[in-house]
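Let's take a walk through this protein, one piece at a time. Keep the 3D view open while you read.

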Amino acid sequence: MPHRPWILGCIDCERRYAAEEVRYRCECGATLEVRHDWTTRRALLDLGPSVFDQRRLSREAIDRSGVWRFRELVLPLAGSEVITKPEGNTNLYCSDRLAAYTGSAGLSLKHEGENPTGSFKDRGMTVAISVACALGFARVACASTGNTSASMAAYAAQAGIEAYVFIPEGKIAYGKLAQSLAYGARTIQIEGDFDLAMKLVEEVCRADSIYLVNSLNPYRIEGQKAIGLELLQDLGWRLPDWIVLPGGNLGNSSALLKGLFELREIGWLDRLPRVAVIQAAGANPLYTAFHNRTTLQPLAQAETLATAIKIGNPVSWKKSLRGLLATHGLVEQVSDQEILDAKAQVDAAGIGAEPASCATVAGVRKLIASGTIRPDERVCGILTGHLLKDPDLTIAYHQSTALGVTSNFANPPVRAEASLAGVRRWLRR
Ligand SMILES: *Cc1c(COP(=O)(O)O)cnc(C)c1O
């Protein structure tokens with residue numbers, strides 16, 4: 001790789017590494033983050049956000065991308081190095097139904113499930129795969145609860161490189177597994193949970209010179225910052241009061257917070273919105289650490305039907321927790337019952353999202369009920385994945401067969417006699 005205007009810095013100690021070095025962790029074991037040299041981009045950044053608004057009108061993929069449009073803030077690669085579909089440009093929805101359900105009159109939802117492979121993971125993946133190629137790798141790998149593998153498989157296929165997926169056996173939503181197989185990734189089901197698959201893939205990548213593209217990879221985080229950047233652009237660069245999002249491995253919340261801090265660093269923001277991370281009650285190690293003011297204690301076993309956030313030992317907990325503490329942010333937890341009821345509401349509003357996404361909406365409802373968020377505050381929630389990612393759980397909910405939850409808003413299919421009279425009898429019911 002030619003010389004780059006950034007370095008990798010340890011989040012815990014003073015060590016720093018050149019951008020050209022292949023590294024995911026510091027020698028001390030802590031995670032790394034990209035540190036930018038803004039002076040190399042000052043001229044453009046001094047122009048302010050209007051540059052990014054101009055690019056939205058361009059026909060070039062690199063300008064249309066909701067990630068690379070912000071390349072001076074995300075990662076300044078050369079245009080020829082970028083592998084983009086392009087991603088982003090997701091919609092921001094308002095819904096009277098969801099305002100009523102949550103009690104948040106000022107709620108809007110940015111639907112990251114509208115990315116090319118159906119989840120926000122594409123924003124980090126376009127950057128990680130571009131870097132993998134720039135570093136000269138011909139193989140990439142990840143451990144995944146599903147969406148990371150779907151995204152990696154698609155971008156690796158586009159780049160013409162091999163992809164290896166490590167998934168926890170029997171614990172992955174069907175839509176996601178289908179994508180991984182269809183896009184041609186070599187898919188390995190590990191006899192164990194996500195946390196074990198994660199540990200294993202790190203070892204394999206180190207031993208076999210395969211590039212690791214989990215959110216441990218600091219470039220994934222740089223790409224995911226773009227959710228916040230595009231959200232602010234959607235809002236005409238006016239800050240909301242709150243940004244609410246689900247937390248699993250905690251890469252996304254780390255990225256959002258890093259992006260906000262950087263906007264303050266370059267002088268574009270003088271205050272920051274509050275960020276609320278929502279965890280599933282059965283996979284809540286950040287919630288516990290935040291409320292007990294302790295370091296994170298990994299859970300031996302995570303349990304939730306929202307498989308995308310079923311993670312007991314989140315890789316990016318320190319980045320996320322520090323950012324939250326520095327911005328007066330908070331962590332809330334919601335039960336599977338609350339998640340699936342919120343999902344039924346999001347779906348019935350005509351928006352639709354996968355279960356983990358709807359922890360956002362369940363969380364907003366809970367934070368309004370507790371008086372933490374005021375009903376008149378401007379709240380932006382992130383919906384992280386597409387409705388069709390997990391059809392089995394959606395159908396189980398509507399047929400009242402989802403394990404351990406009551407289907408409060410079930411809309412089951414019915415049988416009717418195959419005649420006009422039979423159907424009309426049903427219509428009148
Ligand atoms: C990955 C994912 C999450 C969790 O994001 P983290 O960065 O792991 O905290 C939430 N929802 C969906 C749909 C996801 O794919």
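Predicted model: local features only at pLDDT ≥ 70, side-chain atom pairs only at ≥ 80, totals over all residues.

Strand 1 covers residues 6-10, and three bridges join it to strand 2, with the two running antiparallel. In general, the strands of a sheet pair through backbone hydrogen bonds, and they can do so in a parallel or an antiparallel way.

The open sheet here has three strands in the order 2-1-3, paired antiparallel. Strand 2 (16-18) and strand 3 sit at the edges, each pairing on one side only. On average, neighbouring strands of this sheet are turned by 35° against each other, if you ignore direction.

## Rings that meet

Eight aromatic pairs turn up in this model. Take Trp-6 and Tyr-219: they pair edge-to-face, with 6.2 Å from centre to centre and 75° between the planes. Trp-6 belongs to strand 1 and Tyr-219 to helix 10 (residues 218-224), so this pair ties together parts that are 213 residues apart in sequence.

Another edge-to-face pair is Trp-237 with Trp-268, at 6.1 Å centre to centre and 85° between the planes. Trp-237 is in the loop between helix 11 (226-234) and strand 10 (242-246), while Trp-268 is in the loop between helix 12 and strand 11 (274-280), 31 residues apart. Ring pairs also link Trp-237 and Trp-268 with Phe-52 and Phe-70 into a cluster.

## The largest pocket

Next, look for the largest pocket, which has a volume of about 400 Å³. Its lining is made of 16 residues, and those nearest its centre are Glu-33, Arg-35, Lys-258, Phe-261 and Glu-262. Strand 3 (32-36), helix 12 (251-265) and helix 14 (317-326) are the elements that give two or more residues to this lining.

Which element gives the most to the lining? That's helix 12, with six residues. Sort the lining by type and you get six nonpolar, three polar and seven charged residues.

## A helix tucked away

Finally, find helix 16 (residues 359-369). Eight of its eleven residues are buried, so the helix is largely enclosed by the rest of the structure. Among the buried ones are Val-361, Val-364, Leu-367 and Ile-368. Just after helix 16 comes Gly-371, which takes a positive phi of about 80°.

Note on methods:
Residues numbered from 1 in each chain as written. Heavy atoms only, no water. 1 Å grid on protein atoms, 1.4 Å probe; cavity = no way out; pocket = protein on both sides within 12 Å on 5 of 7 lines; lining within 4 Å. Points joined across faces, edges and corners; volume = space filled by probe spheres on them. Helix = DSSP H or I, 4+ residues; strand = E, 2+ residues; numbered from the N terminus. Nonpolar A, V, L, I, M, F, W, Y, C, P; charged D, E, K, R; others polar. Pairing = 2+ DSSP bridges. Axes fitted to C-alpha atoms, helices over the stretch in contact; angles between N-to-C directions. Buried < 20%, exposed > 50% of the residue type's maximum accessible area, 1.4 Å probe, protein only. Phe/Tyr/Trp six-rings, centres within 6.5 Å; stacked < 30°, edge-to-face > 60°.
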